[in-house]
Amino acid sequence: MENHIFLLILLFLVQYYSVSGSASSSNETDQQALLVFKDLVTSPSHFLANNWTKNTSFCSWFGVTCSPKRQRVVALAFPDMQLQGTISSSLANLSFLSMLNLQNNSFHGGIPYGLGHLPRLRVIDVGNNQLQGSIPTSLFQHRRVQVISLAFNKLGGEMWKGPWFVPALRVLNLRNNSLTGIIPPSIGNATKLMNFSLAGNRISGNLPKEISNMSQLAFLSLIDNQLTGNILKILSISFNNIIGDIPRNIGCLSKLEEFYIGHNPIKGTIPASLGNISTLQNLYCALNYLEGPIPPELLEGEIPLFITNASKLEILDLAGNFLTGTIPTNLGNLHELQRLLLHSNQLTNEPREHELRFFNSLVECRMLRYLQVGSNLLNGALPNSVGNLSSTIEYFHLEDARINGLIPPGIGNVSGLIILVFENNNLMGNIPPEIGKLKQLQGLFIHNSKLQGHIAEAVCHLTNLVELDLDRNELTGVIPECLGNLSMLQHLYLGTIPFSLSKLINLEFFDLSLNALSGTIPKSLEKLLHLTSINVSFNDLEGEIPNGGVFTNFTLQSFLGNKRLCGMHILEVINNTGQQSNSTGQQSNSKEFVLKIVIPVVTSSFLIFLLVSVWIMKCKKKRKSTDVEIVPEVGTYQLISYHEIQRATNNFGGSNLIGEGSTGFVYEGTLSSGTVVAIKVLDLEKEQVCKRFDTECVVMRNVRHRNLVEDCQLNL
């Protein structure tokens with residue numbers, strides 16, 4: 001028994017000293033590898049030579065990271081350190097190394113082949129140096145490496161053509177070198193690759209179909225190479241800062257199905273060769289700096305072979321450019337077109353054509369859902385064929401396009417419409433009653449046109465309507481009572497105002513300004529608890545403005561321009577002087593007006609008069625008459641433009657602000673004549689501002705003090 005215990009103790013001691021010796025030997029190997037690396041590198045102020053000394057543990061050296069238990073080197077990081085020299089092959093002896101970062105330095109020479117055999121290597125980043133030679137093939141057969149970044153060097157030769165075995169590789173960045181040859185098909189074995197860049201090399205040949213095996217690929221950059229072939233099906237370079245023109249020979253990508261180039265500062269015109277891509281389905285060129293007409297080779301011509309070739313096109317988006325010319329009249333050949341977005345360009349109509357003929361062709365696009373051709377210079381009328389457009393159209397935008405004439409009655413046949421936008425045009429005539437057929441319509445926008453007549457009761461049939469905008473037209477008559485039945489309506493921008501509108505309990509915005517509406521404002525509108533904005537200014541309304549409910553929050557600005565309106569809640573009669581009423585209610589209102597307005601105003605005026613009299617008596621001038629107000633002639637006032645005031649106050653800048661009160665702000669300004677003035681900006685959202693300011697002017701005009709005003713009057 002004792003013999004067995006002795007043997008166990010002896011075995012333990014042997015193993016202990018063996019492991020200790022091995023660890024000591026391994027540590028010496030790491031230290032020696034680092035010292036050899038240091039001898040081949042120069043650094044600013046020789047900080048590496050001064051820091052890496054044998055007197056201290058190499059685990060404490062700058063740029064070195066060791067494992068906590070074994071004290072073995074696991075990371076070597078010297079990014080942006082201005083190091084010069086070569087990368088020593090001794091680094092291949094750092095068997096525990098998992099990360100090597102030497103980017104943004106001035107290393108030259110080659111990449112040691114042995115680095116690819118480091119069993120624990122995860123990241124190798126030696127980008128932006130001056131390395132030459134070929135890429136070690138061992139890197140492409142490393143089962144644990146995740147990041148290989150060798151970009152911006154002078155590496156040459158061909159990429160490894162043998163079998164790739166990099167199952168963990170996520171990033172492969174080889175851009176801006178001098179690599180030649182082809183992209184090997186075995187790259188498809190890197191199934192977890194997410195970022196692959198070969199831009200700025202001399203790679204030739206076809207793009208291998210095996211690249212489709214990289215299902216996690218999120219970024220692929222192959223620009224500025226010599227690739228050929230027709231394998232590419234999707235080209236997506238949107239949302240970058242790519243400049244220059246679209247290549248004239250882009251039509252050589254004969255198998256291209258999707259082309260996304262939007263949101264780049266690309267200039268020039270659309271290449272005619274784009275029309276030769278027979279497989280093209282999606283084209284996205286929005287928000288660039290493209291200009292010129294849509295090329296005839298793309299969408300127009302006597303022999304429409306190119307249009308037939310593009311017959312699978314589903315999305316045509318050229319919005320937000322500087323395209324000129326006319327909209328092609330044979331777009332109907334794109335039978336599978338679902339989105340036509342040509343808005344925000346400078347497209348026009350044929351000079352001799354009255355109607356917009358391209359709508360006749362769009363009748364054939366039976367799958368069309370989005371039609372946006374507004375914000376152009378179309379300058380034409382809608383043809384009757386608009387009524388034959390596909391019932392699949394949901395969004396029809398034709399705003400700000402100089403459309404004239406009538407709204408075709410056939411618009412009611414486009415039964416799938418959800419949003420219809422005809423605003424900011426020159427449309428005339430009545431709202432066609434056929435518009436009531438659009439049962440799915442949620443938004444109807446025809447403001448700022450020249451529509452006339454009554455609002456058709458057919459609008460009341462739009463039971464799903466959420467927003468109705470008909471303001472700034474020439475509509476007359478009464479608003480249909482049945483609008484009150486549109487329970488979904490939230491925004492109303494529109495004659496008497498019908499009492500039934502009080503049923504619109506969800507109404508938030510109510511704008512009937514700049515029309516010719518007559519009658520009174522229904523008091524029942526006080527019940528609209530969600531109403532946050534009302535504007536009935538510049539109509540022909542009359543009577544008292546409601547003063548209860550939500551109307552207590554509205555100001556005079558909402559009711560301006562109605563000569564016969566009056567209202568107690570804003571404490572001011574609007575152009576309603578001289579009118580008398582024989583009813584008991586109006587007599588009561590007059591008494592209330594006297595009690596609440598006239599008496600306080602008279603009392604305040606008397607107190608102000610006494611205050612002014614005291615100041616005048618202190619003046620040393622010989623004026624004895626204090627009960628007569630001296631009013632300067634209008635001709636003596638200095639006329640100052642608003643632009644002059646803006647200039648004098650630095651556009652009402654904060655540095656010119658000298659005071660703030662309950663009625664507004666006061667700014668100091670210097671006129672072009674050199675006169676220094678104080679300019680008061682009134683806050684008209686607050687009640688009685690004008691009256692308070694008038695009172696203030698009366699006081700200031702009568703103040704006499706050498707330190708306050710130079711003479712005895714105030715020019716306003």
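# A guided tour of the predicted model

Start with an open sheet of four strands, which runs in the order S1-S4-S6-S8 with mixed pairing. Strands here are DSSP runs (E, at least two residues), as are helices (H or I, at least four residues), both numbered from the N terminus. Two strands count as paired if DSSP finds at least two bridges between them. Select strand S1 (41-42) and strand S8 (130-131): these are the edge strands, and each pairs on one side only. Click on His 108, and you will find its bridge partner in S8, Gln 130.

A word on what you are viewing: this is a predicted model, in which local features need pLDDT of at least 70 and side-chain atom pairs count only at pLDDT 80 or more, while totals for chains, interfaces and linings use all residues. Residues are numbered from 1 along each chain as its sequence is written, and side-chain values use heavy atoms, with hydrogens and water left out.

**The whole protein**

Zoom out for a moment. The protein has eight helices and 40 strands. Of its 716 residues, 43% are buried; buried means under 20% relative accessible area, exposed means over 50%, and partly exposed is in between (1.4 Å probe, protein chains only). Accessible areas come from the Shrake-Rupley method with a 1.4 Å probe, and for residues only the protein chains shown count as cover.

**Salt bridges**

Next, look for salt bridges, defined as a side-chain nitrogen of Lys or Arg within 4 Å of a carboxyl oxygen of Asp or Glu. A search of the whole structure finds four. Select Asp 30 and Arg 72, whose side chains meet at 2.8 Å, N to O. This pair links distant parts of the chain: Asp 30 is in helix H1 (residues 2-39), and Arg 72 is in the loop between strand S2 (64-66) and strand S3 (73-77), 42 residues apart. Are these two residues buried or exposed? Asp 30 counts as buried at 0% relative accessibility, and Arg 72 counts as buried at 8%.

Move on to Arg 564 and Glu 542, another salt bridge, with the closest N and O atoms 3.1 Å apart. Arg 564 lies in strand S36 (residues 564-567) and Glu 542 in strand S35 (residues 540-544), so the pair ties together parts that are 22 residues apart in sequence. Arg 564 is partly exposed, at 35% relative accessible area, and Glu 542 is also partly exposed, at 29%.

**Disulfides**

Now show the cysteines. A disulfide is a covalent bond between the sulfur atoms of two cysteines; here, a pair of cysteine sulfur atoms within 2.5 Å is counted as one. The structure holds two disulfides.

- Select Cys 59 and Cys 66: they are joined with an S to S distance of 2.2 Å. The link is left-handed, with -95° about the S-S bond.
- Select Cys 460 and Cys 482: their sulfur atoms are 1.9 Å apart. This link is right-handed, with 70° about the S-S bond. Cys 460 lies in the loop between strand S28 (452-453) and S29, and Cys 482 in the loop between strand S30 (474-475) and strand S31 (491-493), so the pair ties together parts that are 22 residues apart in sequence.

Which residues surround Asp 469? Leaving aside neighbours within four places in sequence, Asp 469 is in contact with Leu 444, Phe 445, Ile 446, His 447 and Tyr 493. Contact means heavy atoms within 4.5 Å. Asp 469 lies in strand S29 (residues 467-469) and is buried, with a relative accessible area of 9%.

For the last stop, select strand S39 (residues 664-670) and strand S40 (residues 676-682), which pair in the antiparallel sense over seven bridges. Val 666 stands opposite Lys 680 in S40. Five residues lie between the strands of this hairpin, and there Gly 674 takes a positive phi near 95°.

Finally, color Phe 665, which lies in S39 and is partly exposed at 34% relative accessible area. Together with Leu 657 and Val 681, Phe 665 forms a nonpolar surface patch with about 210 Å² of accessible area. Patches are made of residues with over 30% relative accessible area and no salt bridge; like charges are joined within 9 Å, and nonpolar side chains (Val, Leu, Ile, Met, Phe, Trp, Tyr) within 5 Å.
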